Amino acid sequence: LENILQDILTFSKDTRIQIEECNVNTIIKSALDVLALETADREIEVNTCFYTELDPILADPQHLKQVFLNLITNAVHQVPEKKGLINIMTYNTHSSAGGVTIEFTDNGGGIPPEIIDNIFNPFFTTKEGGTGLGLAIIRKIIDNHRGHLSVRNRPGVGVTFVINLPLDPRKPQEELVEERVAGVGMRS
């Protein structure tokens, strides 16, 4: 009940983001540290490929950590024990506005095609004891950062969640493009 209530409160409250300069790689490492015992106990292999010259972004590090914790936890629960594989990759977004991209891939069998359209709906779950709010919370946080979340599903194999975050969620994309072209934006 406590977990369900916490998820409902997290989803329903007004989530104002507290923006500061962030290194996404550092936030992901922190989330992995929180879940290190669980992945080790289940003998899940976690591979990271962090771009070392990842652009810093302006974001709320606590909210991003919640996103990463939810995605990693979902993957941990989907992959097979002792043969589970989770890959996490970061790189600078290849667009004129810049930003960073994060990919979470697992070998948990993917999402059945008949439910893929519902996975971000609040209270939709296929997990026993799940609240159905984890992915809805992720979507809300990414939207609040003016980012984009997509899914590449391979039924029977696994799934990849792709997050694109802008350099600065307070600025319209057009303004970021103009700044990068003029060379006054964040480091490229």
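Reader: How many helices and strands does the secondary structure of the chain come to?
Author: There are 6 helices and 7 strands, taken as DSSP runs numbered from the N terminus (helices are H or I with at least four residues, strands are E with at least two). Along the sequence they follow the pattern α-β-α-α-β-β-α-β-β-α-β-β-α. The model is predicted, with local features requiring pLDDT of at least 70 and side-chain atom pairs pLDDT 80 or more, while totals for chains, interfaces and linings use all residues. Residues are numbered from 1 along each chain as its sequence is written, and side-chain values use heavy atoms, leaving out hydrogens and water.

Reader: Why is the pair of Phe-68 and Phe-104 called tilted?
Author: Rings of Phe, Tyr and Trp (its six-membered ring) pair if their centres lie within 6.5 Å; planes under 30 degrees apart are stacked, over 60 edge-to-face, and the rest tilted. The count by this rule is 1 aromatic pair. The ring centres of Phe-68 and Phe-104 are 5.7 Å apart and the planes stand at 35°, so the pair is tilted.

Reader: What parts does this pair tie together?
Author: Phe-68 belongs to helix H4 (residues 61-78) and Phe-104 to strand E5 (residues 100-106), so the pair ties together parts that are 36 residues apart in sequence.

Reader: In what sense do E4 and E5 pair, parallel or antiparallel?
Author: Strands pair if DSSP finds at least two bridges between them. E4 and E5 have 7 bridges in the antiparallel sense, with Thr-90 opposite Ile-102 in E5. Strand E2 (residues 45-50) pairs with E4 in the parallel sense over 6 bridges, and Glu-45 has Leu-85 in E4 as its bridge partner.

Reader: Why is Thr-105 called buried?
Author: Its relative accessible area is 18%, so Thr-105 counts as buried. This residue sits in strand E5. Its side chain makes a polar contact with the side chain of Thr-160 at 2.8 Å; such a contact is a pair of N or O atoms within 3.5 Å (within protein, one able to donate a hydrogen and the other to accept it; residues adjacent in sequence count only if both atoms are side-chain atoms).

Reader: What makes Thr-93 buried?
Author: A relative accessible area of 18% makes Thr-93 buried. Thr-93 lies in the loop between E4 and E5, and its side chain has a polar contact of 2.8 Å with the side chain of Thr-101. Leaving out residues up to four places away in sequence, Thr-93 touches Gly-98, Gly-99, Val-100, Thr-101 and Asn-164, where contact means heavy atoms within 4.5 Å.

Reader: How many disulfides does a search of the whole structure find?
Author: The search finds 0 disulfides, a disulfide being a pair of cysteine sulfur atoms within 2.5 Å. Cys-22 has 5% relative accessibility and so counts as buried. Cys-49, at 48%, counts as partly exposed.

Key: Buried < 20%, exposed > 50% of the residue type's maximum accessible area, 1.4 Å probe, protein only.
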